[in-house]
Amino acid sequence: MFAAQHIPQARLLNVGQLLPDPGWHCPAGHHPHHELIVPVSGAITVQCGGSRVQAGVGAALIYPAGADHEEWSNPDSPLHSIYLAFTCPGMDGMHVTIFPDARQVVREFVTRVYADRDSSSPAARMQRNAFLQVILAELLRNLGSEDQPMVAGIRRHIRGHMGDTLTLDDLARVSGLSKFHFLRRYRAATGRTPMQDVRAMRGQFARELVISTRLPLKEIAARAGLGDEYAMSRTFRRLFSIPPGQYRSRQTRLGPSTGWGCRT
């Protein structure tokens with residue numbers, strides 16, 4: 001599955017629509033670009049990889065570059081769809097995938113892109129590419145939505161054991177999944193690995209203690225599971241571009257509302 005870091009590099013190539021036709025059929029084949037299909041009405045049947053799937057309103061399909069697929073319109077509910085052809089690094093080797101779009105956000109933005117298809121100004125092209133990035137981000141979010149309760153449970157466990165040693169094996173056991181499936185699903189749902197989340201959460205917890213208490217940095221490091229104050233200093237520099245002592249001094253002078261952002 002493609003990851004969130006690839007989305008800003010996505011580029012729109014073409015946009016069009018398929019009007020309702022009960023007899024429409026696209027023979028098996030593939031293309032060199034990725035393609036997003038969003039049903040506006042009706043339904044589509046797709047044969048890919050030896051299996052047949054169907055999608056209608058409230059769903060979206062992505063055909064990655066090079067993936068063989070064959071398509072039919074549903075005779076009883078002819079397909080009306082909008083399609084986007086685009087490039088996006090990190091999607092090669094992906095399977096044909098159906099994404100939920102229950103909130104209709106993808107359909108809304110795809111419709112905007114289609115309505116603006118004839119505008120040729122640089123600003124219009126930039127906006128269409130920005131809309132494509134929103135669309136792909138929404139698809140990623142929706143694909144991982146079923147795992148959000150699992151992610152919330154893992155994060156509660158992390159917060160409850162912030163000062164303890166936490167490993168990927170430990171978190172996988174809490175999730176009830178194998179380590180491989182836990183890692184894959186967590187990354188798909190959050191855009192980060194579980195251990196990257198642990199490090200970011202430890203840093204944020206330490207930041208809260210630095211701002212809101214006068215605890216010694218050594219004690220804060222232990223409470224946040226960051227080892228000693230030297231290890232915590234490295235974490236602060238990576239996340240907030242400043243060591244914790246200077247961070248505390250700055251907050252004392254300027255107030256907590258001017259806190260620095262976190263680079264995760």
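1. T235 sits in helix α8; helices here are DSSP runs (H or I, at least four residues), numbered from the N terminus. The model is predicted, so local features need pLDDT of at least 70 and side-chain atom pairs count only at pLDDT 80 or more, while totals for chains, interfaces and linings use all residues. Residues are numbered from 1 along each chain as its sequence is written, and side-chain values use heavy atoms, without hydrogens and water.

2. T235 is buried, at a relative accessible area of 13% (buried means under 20%, with a 1.4 Å probe and protein chains only). Neighbours within four places in sequence aside, T235 is in contact with G203 and L226 (contact means heavy atoms within 4.5 Å).

3. Helix α6 covers residues 194-212. Among its buried residues are A200, G203, A206 and V210.

4. Helix α8 spans residues 229-240 and packs against α6 at about 100 degrees, the axes being 10 Å apart (axes are lines fitted to C-alpha atoms over the stretch in contact, and angles run from 0 to 180 degrees between N-to-C directions). The two helices are therefore roughly perpendicular (65 to 115 degrees). On the α6 side, the contact includes R199, A200, G203 and R207; on the α8 side, it includes M232, T235, F236 and L239.

5. The largest nonpolar core has 28 residues (a nonpolar core is a set of buried Ala, Val, Leu, Ile, Met, Phe, Trp, Tyr and Cys residues joined through side-chain atoms within 4.5 Å). Apart from this core lies another, of 14 residues, including A206 and L209, as well as M232 and L239.

Conventions. Expected span 1.5 Å × (residues − 1). Buried < 20%, exposed > 50% of the residue type's maximum accessible area, 1.4 Å probe, protein only. Parallel < 35°, antiparallel > 145°, perpendicular 65-115°, else oblique.
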